[in-house]
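Dear colleague,

I am passing a structure on to you with this message, and I would be grateful if you could look through it before reading my notes below.

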Amino acid sequence: MSMLSLSYGYIFSYITTIFQIEGNIIDKIPSLIGDVVTGLSYIKELNRYFGFTEENDFSVDKEKFKIDKIENIEFKDVSFKYPDANNFVLKNISFVISSGKHYALIGKNGCGKSTIVKLLLKFYSPTEGKILINGIDIELISQENVYNLFSVVFQDFARYQLTVRENILLGSPTKKLDIESVIEQVNLKELNNLPNGLDTFLGKIYENGIDLSGGQWQKIAIARSLVRKSQLRILDEPTASLDPLEESRLYQDYQSLLLGNTAILITHRLGATKLVDKIIVIDEGTVKEIGSHDELMKKKDLYFRMFNSQKEWYDE
Ligand code: ADP
């Protein structure tokens, strides 16, 4: 397959692999080789393709600016245009994320939400302005350090042709955890009823492999991110495969799982916004409003209009 024929979603499935595979998994789990190895070689190419090279890191003093714990993240007047694009996708974005709080980044499709995440993960550098973690410019922090701070469930999460258990454990560097309790936490106990329970192969490439519904795959992606130790959890549009009521339930479960952690939910649907500490409303690449649900409802501006237009989706 030529690089140019890779779809955006396909590319992101493999980029997601970077965050979910810790250390040298090939040595540790030979059975996982197949898809994953292919993924790793693609990642190398993709890194070059997108210019996400480790070369940038040669100028980074890895020890001097090593971050183990996030206290805060600040976007300071960040503007961004994609390489070779003419238009700015983000324009003078400023906001602060504080440790232990939950945020929702909301706005219509195409307003720039995922781009904010890509900058946070150092896929690209801001064209103007700065991103600071604990007051340190992200440009001075190594890519590896940044990857280790975050766990992300992308819109287009990966569906590995592995067993249920392996699909979830890919997120865990230690592989020592109580998978049953994770499954229970994301309301996926029904997977125990599969023909071989958690050792059932997922995907059609296996003779006895089975496929899951979009919602079940989504929960697996969330479980995978939950088992990964990280300082900040990001769910990019986690609910695309769920109906609004399933979505509300998932957010409620997720909310209780995340207590004490820092989290950012990114969505154009407002089922979760009442649950978070702060909502950042993005409109055409700018920050339009920031506040709690109650504060923004009182303002009767963009958030208020969006919330009212979606309200009936969430009325049981
Ligand atoms: P959202 O997550 O809010 O739906 P995105 O951040 O994905 O929005 O996209 C913001 C804008 O940037 C859109 O106009 C989109 O078409 C554009 N865009 C996204 N990715 C790229 C890219 N790799 N190259 C050029 N433009 C892009």
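Two residues are said here to be in contact when they have heavy atoms within 4.5 Å of each other. With that in mind, residues 24 or more positions apart account for 70% of the contacts in the protein chain with a separation of 6 or more. Please keep in mind throughout that this is a predicted model.

The chain as a whole

The protein chain contains 11 helices and 10 strands, and of its 316 residues 51% are buried. Its accessible surface comes to about 15000 Å², and carbon and sulfur atoms contribute 49% of that area.

Confidence

Across the protein chain the mean pLDDT is 76, with 72% of the residues reaching 70 or more. There are stretches that call for caution, among them residues 1-46, where pLDDT stays under 50 and for which the model has 72 contacts beyond four places in sequence. Residues 48-55 likewise have pLDDT under 50, and the model has 17 contacts beyond four places in sequence for them. Where pLDDT is low, the predicted coordinates should not be read in detail.

The ligand

Which residues are found around the ligand? They are Tyr82, Val89, Lys108, Asn109, Gly110, Cys111, Gly112, Lys113, Ser114, Thr115, Lys118 and Tyr124, and this shell divides into 4 nonpolar, 5 polar and 3 charged residues. Turning to individual atoms, a nitrogen atom of the ligand is 3.3 Å from an N or O atom in the side chain of Tyr82, while an oxygen atom of the ligand is 3.0 Å from a polar backbone atom of Gly112. Ser114 takes part through its side chain, a polar atom of which lies 2.8 Å from an oxygen atom of the ligand. On its own the ligand has 570 Å² of accessible area, and the protein covers 64% of that.

A residue in a loop

I also looked at Ser230, which lies in the loop between helix 8 (214-226) and strand 7 (232-236). Is Ser230 buried or exposed? Ser230 counts as buried, because its relative accessibility is 13% and the cut-off for buried is under 20%. Leaving aside the neighbours within four places in sequence, Ser230 is in contact with Asn148, Leu149, Phe150, Ser151 and Asn261.

Definitions and conventions: Residues numbered from 1 in each chain as written. Predicted model: local features only at pLDDT ≥ 70, side-chain atom pairs only at ≥ 80, totals over all residues. Heavy atoms only, no water. Helix = DSSP H or I, 4+ residues; strand = E, 2+ residues; numbered from the N terminus. Buried < 20%, exposed > 50% of the residue type's maximum accessible area, 1.4 Å probe, protein only. Areas by Shrake-Rupley, 256 points an atom, 1.4 Å probe, with all protein chains shown as cover. Near = heavy atom within 4 Å. Polar contact = N/O pair within 3.5 Å; in protein donor to acceptor, adjacent residues only side chain to side chain. Nonpolar A, V, L, I, M, F, W, Y, C, P; charged D, E, K, R; others polar. pLDDT = per-residue confidence, 0-100.
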